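Please examine the sequence and structure before reading the solutions.

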Amino acid sequence: MEDSRVATERIAADPDIYSAEDPHYPDDWQSETTSIGSSIYRGLIENGRRYQNLRHEDYLIPSDDQMFEAYEAGHLVALVLESDRQNPLFRAPVHDPKQILDVGTGKGIWAIDVADMFPNATVRGVDLFPPPVSWMPPNCVLEVDDVLQEWTWREPFDLIHMRIMIGSFDPAEWDRVYKQCYDKLQPGGWLEQLEASPCIECDDGTLPADNILQSWGPNIFACGEAAGRECDVIDTMHETIRKAGFVDVHDKTYKWPIGPWARDQRYKEAGTVNFHHWMSGMEGWCMWLLTKFGSPEPWTKDEVLVYVAKLRKELKNPRFHIYQRARRVWARKPFPDEIERSAEIKEESTEKPDVSAEKQ
Ligand SMILES: C[S@@+](CC[C@H](N)C(=O)[O-])C[C@H]1O[C@@H](n2cnc3c(N)ncnc32)[C@H](O)[C@@H]1O
């Protein structure tokens, strides 16, 4: 079943935002938090970023303090845009879960919040690097593992969650991950995934066609394709999840504003946080991709830094009513009788004699 809640409406712009050009306008929404350096975890240092994980040779996103800052901001954007809901963390109708898994948990923020919300559940977060957190609720466990390896958890899950896994897997690996999700869920258990598009979009023409921000999405897509990690998971996941055998596939799309340009208060808050998400995230999102797969030939670190500096400057322009698309898909593992029934239906339809030739 598809949810037709598609984000098509335009986000109305706040006319007062242009006072940002007034030198006295408080611009604290634009300030960037300074990362606290950490030498606790060693890893591969490349182009000034730390890639410290089980697949540091081929995983594109750094695992360092600057990146964790971006993860925090991304988490908040998702929460702000669901803040009218009793449970802003997920939409799957899971009410008294006992076992929950967060695949690619990053800093573990989602897993920790869900563990707080469901104290009777065990919430596991798994990622390629050791969790950069010192305190966790007692019912939250953060583990280091590669989800492309065979999953060894014994207890079946009521809910498996993934968020912003764009670029993590090639198409065959995605199939493998969804199959493992399917196999490790309870019958009737739910899979939920939230993804955001790398493309910067604008509905009202305020972003000029030749602005450098327009180059960001195509650059990321081209590098992702060259790396064999297509970055279009936001548009493919619904179908891939359905093909993996899930039923009741729901879909909700969002517009995540970038910057506080929207009139609506919730969008304004989300846009402010998303601006920080981009400011802290951009360098890490593109450094590996562009220095390895940049066009026409791999870029140098300095070229990437200059590019990101130019993007950041443009991102600060409050006249640009820009946003990125996001999509949430949640789907259920069928119960055994549903699987039997659908196998019977398939069998019946293949057994039917083909009368089309006779009719002619
Ligand atoms: C962009 S981050 C998103 C983190 C988190 N889900 C969030 O929304 O804040 C993607 C995460 O997936 C993890 N990841 C990628 N491939 C993985 C794999 N094969 N096994 C486990 N984790 C993986 C990365 O290390 C990274 O932390």
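**Exercise 1.** How do the residues of the shell around the ligand divide into nonpolar, polar and charged?

*Solution.* The model is predicted: local features need pLDDT of at least 70, side-chain atom pairs count only at pLDDT 80 or more, and totals for chains, interfaces and linings use all residues. Residues are numbered from 1 along each chain as its sequence is written.

Step 1. Of the 20 residues around the ligand, Y71, G104, G106, V147 and R163 come nearest.

Step 2. Two elements, α1 (65-80) and β4 (122-127), each give two or more residues to this shell; helices (H or I, at least four residues) and strands (E, at least two) are DSSP runs numbered from the N terminus. The most, 3 residues, come from α1.

Step 3. The shell holds 10 nonpolar, 7 polar and 3 charged residues. Here Ala, Val, Leu, Ile, Met, Phe, Trp, Tyr, Cys and Pro count as nonpolar, Asp, Glu, Lys and Arg as charged, and the others, Gly among them, as polar.

**Exercise 2.** At what angle do helix α6 and helix α7 pack?

*Solution.* Step 1. Axes are lines fitted to C-alpha atoms, for helices over the stretch in contact, and angles run from 0 to 180 degrees between N-to-C directions. For α6 (residues 265-293) and α7 (residues 301-315) the angle is about 155°, with the axes 10 Å apart.

Step 1. Angles over 145 degrees count as roughly antiparallel, and α6 and α7 are therefore roughly antiparallel to each other.

Note on methods:
Near = placed C-beta within 6 Å. Parallel < 35°, antiparallel > 145°, perpendicular 65-115°, else oblique.
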